[in-house]
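Here is a friendly walk through one annotated span, a helix pair and a pocket. Please have your viewer open as you read.

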Amino acid sequence: MASRRLPPTALTLKQFLRRQQVLQLYRKILRAVREVPAEADRRYLKDWAREEFRRNKAVTEEDAIRMMITHGNMQLQELQRTLKLARS
């Protein structure tokens, strides 16, 4: 019976979970950007988010990734607060 092995590029469980966190943050940011009333601002923020995630996609250091997720969540919260204030 042949032994089953993972491909050399398979993610560890920790890497897989961290990847899911990053993707979830990206989706949340894009959903929040959809609520921005001005089309030009929406486009700018969407392009900014895409570029930030694209620029940092090669980062593999665990601490750096955690720091970027924390920073991204803080920026998302700030955007959500700003949008909430704009609606009231």
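Residues 20-78 form a span that is 81% helix and 0% strand, with end C-alpha atoms 22 Å apart. Helices here are DSSP runs (H or I, at least four residues) and strands are E runs of at least two, numbered from the N terminus. UniProt lists this span as "domain: Complex 1 LYR protein" in an unreviewed entry; such annotations may be inferred rather than shown by experiment.

This is a predicted model, where local features need pLDDT of at least 70 and side-chain atom pairs count only at pLDDT 80 or more, while totals for chains, interfaces and linings use all residues. Residues are numbered from 1 along each chain, and side-chain values use heavy atoms, without hydrogens and water.

The axes of helix α1 (residues 13-33) and helix α2 (residues 39-55) come within 9 Å and cross at roughly 170°. The two helices are therefore roughly antiparallel, a label for angles over 145 degrees. Axes are lines fitted to C-alpha atoms over the stretch in contact, with angles from 0 to 180 degrees between N-to-C directions. Contact means heavy atoms within 4.5 Å, and these residues make it:

| Helix | Contact residues |
|---|---|
| α1 | Val-22, Leu-25, Tyr-26, Ile-29, Leu-30, Val-33 |
| α2 | Arg-42, Leu-45, Lys-46, Ala-49, Arg-50, Phe-53 |

They divide into nine nonpolar, no polar and three charged; Ala, Val, Leu, Ile, Met, Phe, Trp, Tyr, Cys and Pro count as nonpolar, Asp, Glu, Lys and Arg as charged, and the others as polar.

Which element gives the most to the lining of the largest pocket? That is α1, with nine residues.

Technical notes
Parallel < 35°, antiparallel > 145°, perpendicular 65-115°, else oblique.
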